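I opened my notebook to go through one protein model and write down what I looked up. The sequence and structure come before the entries.

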Amino acid sequence: MTSFLDWPAYRSTVLRAPKRPFVALPLRLADTGGPALGESRIGPLDHDLTRQHAGEPLGERIIVHGRVLDTAGRPIPHTLVEVWQANAAGRYAHHVDRHPAPLDPNFSGAGRFLTDPDGRYRFVTIKPGAYPWRNHDNAWRPAHIHFSVFGRSFTQRLVTQMYFPGDPLFDQDPIFNAVRDPAARARMISAFDLEATEPEWALAYRYDIVLRATPFEEAP
């Protein structure tokens, strides 16, 4: 999982980073009581971002799968995993994205999945493109997919990004490099999975998510 507070190379963290010490809040019943995330709330095509519209989206179809685990390697079952991403041209289906790349009317770029009893999830999507951003001169984000994992309620949510192996933009991306531990950065990169690839249809990538405390929550 990704975690950083104030990272000078990533300019917007100057505005986002807390300026005061953290305050522990008492746990209340309302914090864990709901809303409940049941299977009835997941649509039949929520996991397949390529079939949510009448036509086929443009780009390379891929399968992204993996498991959600705790630090002991135990599966986290029945937890909501959400994804959102740019299309194959590197543009989000969002009104604030003004990147002069084409929108795809058959691709909204968002999906969700409820993990099975073994903590497994699986999405079918389009491989996203790189896109420019105005953080620094000639700045481009590597291709990535955003992941959100919910706990027992919407107040318990962790967000990270999945990258693709061999991307040439890693070295100049301050978001990726804000995770200073090389081993932790490596865990943010998916692995090509030939075994899960479906012949003549889609390549597959595996990305396991291990839930753990963020650095400022760890004991000194």
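The entries below go from the whole chain to single residues.

**Entry 1: the whole chain**

I noted that this is a predicted model. I looked up the secondary structure and found 4 helices and 11 strands in the protein chain. I then checked burial: of the 220 residues, 41% count as buried. I also looked up contacts between residues with a separation of 6 or more, and 68% of these join residues 24 or more positions apart.

**Entry 2: the nonpolar cores**

I wrote down a general point: in soluble globular proteins, nonpolar side chains tend to be buried together. I then looked up the largest nonpolar core, which has 19 residues. Those touching the most other members are Val-64, Tyr-121, Phe-123, Ile-145, Phe-147, Met-162 and Phe-164. I asked which strands supply at least two residues of this core each, and found β1 (61-70), β2, β4 (120-126) and β7 (144-150) among them. Another core lies apart from it and has 12 residues, including Trp-7, Trp-133, Phe-176 and Val-179.

**Entry 3: aromatic pairs**

I looked up the ring pairs, and the count is 12. I picked Tyr-163 and Phe-176, whose ring centres are 5.1 Å apart with the planes at 75°, so the pair is edge-to-face. Tyr-163 is in strand β8 (residues 157-163) and Phe-176 is in helix α3 (residues 174-177), so I noted a link between distant parts of the chain, 13 residues apart. Are these two residues buried or exposed? Tyr-163 is buried at a relative accessible area of 0%, and Phe-176 is buried at 6%.

I also took the pair of Phe-164 and Tyr-205, which is edge-to-face with 5.1 Å centre to centre and 90° between the planes. Phe-164 lies in the loop between β8 and α3, and Tyr-205 is in strand β10 (residues 203-206), so this pair ties together parts 41 residues apart in sequence. Both Phe-164 and Tyr-205 are buried. I noted a cluster as well: ring pairs link Phe-113, Tyr-121, Phe-123, Phe-147 and Tyr-207.

**Entry 4: salt bridges**

I looked up the salt bridges and found 8 in the structure. In one of them, Arg-61 meets Glu-56 at 3.6 Å, N to O. Arg-61 is partly exposed at 21%, and Glu-56 is exposed at 53%.

Glu-198 and Arg-122 also meet in a salt bridge, at 2.8 Å, N to O. Glu-198 lies in the loop between β9 (191-192) and β10, while Arg-122 is in strand β4, so the pair ties together parts 76 residues apart in sequence. Glu-198 is partly exposed at 33%, as is Arg-122 at 29%.

I then checked Asp-173 and Arg-141, whose closest N and O atoms are 2.9 Å apart in a salt bridge. Asp-173 is in the loop between β8 and α3, and Arg-141 is in strand β6 (residues 140-141), 32 residues apart. Asp-173 is buried at 0% relative accessibility, and Arg-141 is buried at 3%.

**Entry 5: Asp-104**

I found Asp-104 in the loop between β2 (80-84) and β3 (110-114). Asp-104 is buried yet has no salt bridge. Its nearest side chain of opposite charge is Arg-61, 11 Å away. What does the side chain of Asp-104 reach? It reaches the backbone nitrogen of Leu-58 at 2.8 Å. Leaving aside neighbours within four places in sequence, I listed Pro-57, Leu-58 and Asn-87 as the contacts of Asp-104.

How values were computed
Residues numbered from 1 in each chain as written. Predicted model: local features only at pLDDT ≥ 70, side-chain atom pairs only at ≥ 80, totals over all residues. Heavy atoms only, no water. Buried < 20%, exposed > 50% of the residue type's maximum accessible area, 1.4 Å probe, protein only. Lys, Arg positive; Asp, Glu negative; His and termini not counted. Salt bridge = Lys/Arg side-chain N within 4 Å of Asp/Glu carboxyl O. Polar contact = N/O pair within 3.5 Å; in protein donor to acceptor, adjacent residues only side chain to side chain. Contact = heavy atoms within 4.5 Å. Core = buried A, V, L, I, M, F, W, Y, C linked by side-chain atoms within 4.5 Å. Phe/Tyr/Trp six-rings, centres within 6.5 Å; stacked < 30°, edge-to-face > 60°.
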